[in-house]
Amino acid sequence: MVRASTRGAGVNGLPRLDSARPVTSMDLWPGAWTVLLLLFLLLLFLLPTLWFCSPSAKYFFKMAFYNGWILFLAVLAIPVCAVRGRNVENMKILRLMLLHIKYLYGIRVEVRGAHHFPPSQPYVVVSNHQSSLDLLGMMEVLPGRCVPIAKRELLWAGSAGLACWLAGVIFIDRKRTGDAISVMSEVAQTLLTQDVRVWVFPEGTRNHNGSMLPFKRGAFHLAVQAQVPIVPIVMSSYQDFYCKKERRFTSGRCQVRVLPPVPTEGLTPDDVPALADRVRHSMLTIFREISTDGRGGGDYLKKPGVGEARL
């Protein structure tokens, strides 16, 4: 007698499964791969359409790639930096890995005044802060043995935070004034004993309005305490190629101007407010001089109320 097969139609038309045949996704969802293929083709058509037709979509794509690429590069840098451990010399590795990003976005960075860097002594760099794109200008002009002072939240930014820690970046908790002052005192000693330079954004936060916010005085207290010069650096406005409010990110030009160092020998903490105001005034003057909106030689900065901030 011929044995009847157990394979055949089951309940509601679903295939009856026997013990000799494994269950596959195609048994349960015969059209699953077709649906995935259709979704892939839809995305393949939709993404280029958004890229060419929607400036906002292009902005978000570019910023997503910018941040993602930096995180990926940090992953590559971590094993190399880990050989030395936490060391300011690792900043050279990060700089080398990040220098090419400006070419990916068609941004030309022009540096002027680099000869103003003191050749062989510690100093404090102060720079205006517009967006995360400041990283491009910073890497272009970053002097040797120089590390930024950053907010503590960056330490938890995945691979980027770990790479920054290995490169000697100094993290401060701005919400705890006592801790920040203690860290600054330690930095002052490090400047003198280990021949380190530090890079500070005295505005304290990113400023997208095309001007400069009032300066916080921590960097100036640091320079006066250590009796080292202050080197102001000004990055021109990004308005001709980048605007967060307008969701615009194209190619363009950025000028980075290094100003003559400002001495602090003989100054005391009482001199810090006037010192901060004087440095900010000189930086704001240069900022207006070198900035342009790309549509008429700097008209953006001439609008009433733009470029002005209370001291």
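Reader: How many nonpolar, polar and charged residues does the lining of the second largest pocket have?

Author: A pocket is an open set of points on a 1 Å grid over the protein atoms alone, with protein on both sides within 12 Å along at least five of seven lines; lining residues have an atom within 4 Å of a point. Ala, Val, Leu, Ile, Met, Phe, Trp, Tyr, Cys and Pro count as nonpolar, Asp, Glu, Lys and Arg as charged, and the others, Gly among them, as polar. In this structure, the lining of the second largest pocket has 10 nonpolar, 4 polar and 3 charged residues. The model is predicted: local features need pLDDT of at least 70 and side-chain atom pairs count only at pLDDT 80 or more, while totals for chains, interfaces and linings use all residues. Residues are numbered from 1 along each chain as its sequence is written, and side-chain values use heavy atoms, with hydrogens and water left out.

Reader: Which residues lie nearest the centre of the second largest pocket, and what is the volume of this pocket?

Author: A volume is the space filled by probe spheres set on the grid points, which are joined across faces, edges and corners. For the second largest pocket this comes to about 300 Å³. Its lining consists of 17 residues, and R86, G168, V169, I170 and T190 are those nearest the centre.

Reader: Which element gives the most to the lining of the second largest pocket?

Author: Elements are DSSP runs numbered from the N terminus: helices are H or I with at least four residues, strands are E with at least two. The chain has 11 helices and 9 strands. Helix α8 is the main contributor to this lining, with 5 residues. Both β4 (170-172) and α8 (177-194) supply at least two residues each.

Reader: Which residues of helix α7 are buried?

Author: Buried means under 20% relative accessible area, exposed over 50%, and partly exposed in between, with a 1.4 Å probe and protein chains only. By that rule, 43% of the 311 residues of the chain are buried. In α7, which spans residues 158-166, the buried residues are S159, A160, G161, A163, C164 and L166. Their cover includes α3 (55-82), α4 (90-98) and β4. After α7 comes G168, with a positive phi near 85 degrees; G168 is also one of the residues nearest the centre of the second largest pocket.

Reader: With which residues is V147 in contact?

Author: Contact means heavy atoms within 4.5 Å. V147 belongs to strand β3 (residues 146-151) and is buried, at 1% relative accessible area. Apart from neighbours within four places in sequence, V147 touches V88, M91, A167, G168, V169, I170, V196, R197, V198 and W199. V88 lies 59 residues from V147 in sequence, yet their C-alpha atoms are 6.8 Å apart. For the chain, 73% of contacts between residues at least 6 apart in sequence join residues at least 24 apart.

Reader: Why is strand β6 described as largely enclosed?

Author: The reason is burial: 6 of the 6 residues of β6 (residues 230-235) are buried, so the rest of the structure largely encloses this strand.

Reader: In which sense does β6 pair with β2, and in which sense with β9?

Author: Two strands pair if DSSP finds at least two bridges between them. β2 (residues 124-127) and β6 are parallel, over 4 bridges, and S127 stands opposite I233. β6 and β9 (residues 252-258) are antiparallel, over 3 bridges, and M235 has V256 as its bridge partner in β9.

Reader: Which residues line the largest cavity?

Author: A cavity, on the grid already described, is a set of points where a 1.4 Å probe fits but cannot get out. There are 2 cavities of 30 Å³ or more. The largest cavity holds about 70 Å³ of space and is lined by Q130, S131, N207, H208, G210, Y238, Q239, Y242, C243 and K244. By class, that lining has 3 nonpolar, 6 polar and 1 charged residues.

Reader: What lines the second largest cavity?

Author: This cavity, of about 40 Å³, is lined by I107, V109, L133, L136, G137, Y238, F241 and C254. Two or more of these residues come from each of β1 (107-112) and α6 (134-141). The lining has 7 nonpolar, 1 polar and no charged residues.
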